Amino acid sequence: MTSPQNPPSPLADFAHALAERLPDRWEATALDLRDDADLRHHFYYRVWDRRGAQELGLDRDTMAETAVLDGPDGRRLLVLPAAEAGRSFLICPLIAFDVPVYNSISPLSSAVVPADPASAAAELAGSLLPVYESELRTRLDHVVGVLDGTEASIAACLAAEAERSDDPELAQELYEMRGVRWLSHPEDTDLLRCAAEDVLAAVGLLLGHRGPLSEALVGVTTHVRIYCEVSDSCEPLIEAEVIGRILTAAGLSDTSSGIFDPAITQKIATIDFLPIEQQRDLVRAAAATYTRQTNAG
């Protein structure tokens with residue numbers, strides 16, 4: 001079982017100090033992986049440039065004291081002692097959103113940084129972090145784009161067909177699922193909440209790159225639902241939850257309207273006209289309403 005370092009170790013102190021100095025908002029969690037082979041295995045295979053990191057000291061079997069930094073838009077950094085213990089630390093970017101990574105062609109690589117948090121933050125902000133954001137955004141956009149022409153378009157056709165038939169069964173099915181299954185299956189609630197968090201993180205990353213909010217949303221829920229192994233029948237629920245959180249953050253929510261209110265389209269259009277950075281701030285504010293638990297996910 002993993003547990004926070006107690007008392008704080010030099011690595012834990014460094015991770016927390018580094019998180020405070022990185023641009024945007026980052027949170028550090030120190031972990032003891034000595035007795036958790038499964039989690040060591042998980043983090044080892046989530047390192048973006050595993051081969052390169054191995055040359056810098058990454059070793060699945062000796063990973064014990066570590067820390068994870070959770071940043072905006074799904075970005076995560078693994079902090080490990082470097083080969084010269086006490087003098088430097090190894091920072092490894094982690095794969096997010098299950099995007100495919102081909103080490104031979106990715107410019108993103110792990111880095112050894114000095115033990116001084118201020119110097120380390122300056123180095124990461126000028127090199128690793130911008131490349132990480134760009135690489136993750138590009139690969140996520142490619143994965144979501146592949147879905148746009150298949151499952152996303154099929155879903156759109158089905159939605160249009162349901163609208164033409166004026167059949168209330170879909171709404172009733174969603175209502176029953178939300179009212180009964182969520183209450184009787186807490187594990188499903190946790191899974192759907194985690195999926196909604198990942199959608200918000202992905203949308204925050206894609207904003208501007210794919211266009212405004214309405215365009216950034218396309219295909220993302222489908223991709224997240226697939227790799228989270230959530231039933232496709234829950235996809236509308238996840239997207240409705242995400243949109244509801246964003247509208248609340250923007251001050252545009254209306255408790256008198258439901259998730260099928262046509263006015264929601266206009267509210268999203270209103271957000272589309274805001275500057276991209278302001279749209280991203282709203283999405284991040286929506287994500288911040290969840291209490292994130294740092295774990296293997």
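Which residues in α1 meet which residues in α4?

**Figure 1. Contact of helix α1 with helix α4 in the predicted model.** From α1, the residues Phe14, Ala17, Leu18 and Arg21 take part, and they meet Pro117, Ala118, Ala120, Ala121 and Leu124 of α4.

**Figure 2. Geometry of the crossing of α1 and α4.** Helix α1 spans residues 10–21, and helix α4 spans residues 117–126. Their axes come within 9 Å and cross at roughly 50 degrees. Because of this angle, α1 is described as oblique to α4. The crossing of the two helices, α1 and α4, is right-handed.

**Figure 3. Packing of helix α9 against helix α10.** Helix α9 covers residues 220–227, while helix α10 covers residues 235–249. The axes of α9 and α10 lie 10 Å apart, at an angle of about 120 degrees. An angle from 65 to 115 degrees would count as roughly perpendicular and one over 145 as roughly antiparallel; α9 is therefore oblique to α10. The crossing of α9 and α10 is right-handed.

**Figure 4. Residues in the contact of α9 with α10.** Thr221, Thr222 and Arg225 belong to α9, and they meet Glu235, Ile238 and Glu239 of α10. The residues of this contact divide into one nonpolar, two polar and three charged.

Figure 5. Is Thr66 buried or exposed? The relative accessible area of Thr66 is 0%. Buried means under 20% relative accessible area, so Thr66 is buried. Leaving aside residues up to four places away in sequence, Thr66 touches Leu11, Thr29, Ala30, Leu31, Leu33, Leu78, Val79 and Leu80.

**Figure 6. The whole protein as context for the close-up views.** The secondary structure of the protein consists of twelve helices and five strands. Of its 297 residues, 42% count as buried. Among contacts with a separation of 6 or more, 69% come from residues 24 or more positions apart. The protein exposes about 15,300 Å², and carbon and sulfur atoms supply 53% of this area.

Notes
Residues numbered from 1 in each chain as written. Predicted model: local features only at pLDDT ≥ 70, side-chain atom pairs only at ≥ 80, totals over all residues. Heavy atoms only, no water. Buried < 20%, exposed > 50% of the residue type's maximum accessible area, 1.4 Å probe, protein only. Contact = heavy atoms within 4.5 Å. Axes fitted to C-alpha atoms, helices over the stretch in contact; angles between N-to-C directions. Helix = DSSP H or I, 4+ residues; strand = E, 2+ residues; numbered from the N terminus. Parallel < 35°, antiparallel > 145°, perpendicular 65-115°, else oblique. Left-handed = near helix turned anticlockwise from the far one by under 90°. Nonpolar A, V, L, I, M, F, W, Y, C, P; charged D, E, K, R; others polar. Areas by Shrake-Rupley, 256 points an atom, 1.4 Å probe, with all protein chains shown as cover.
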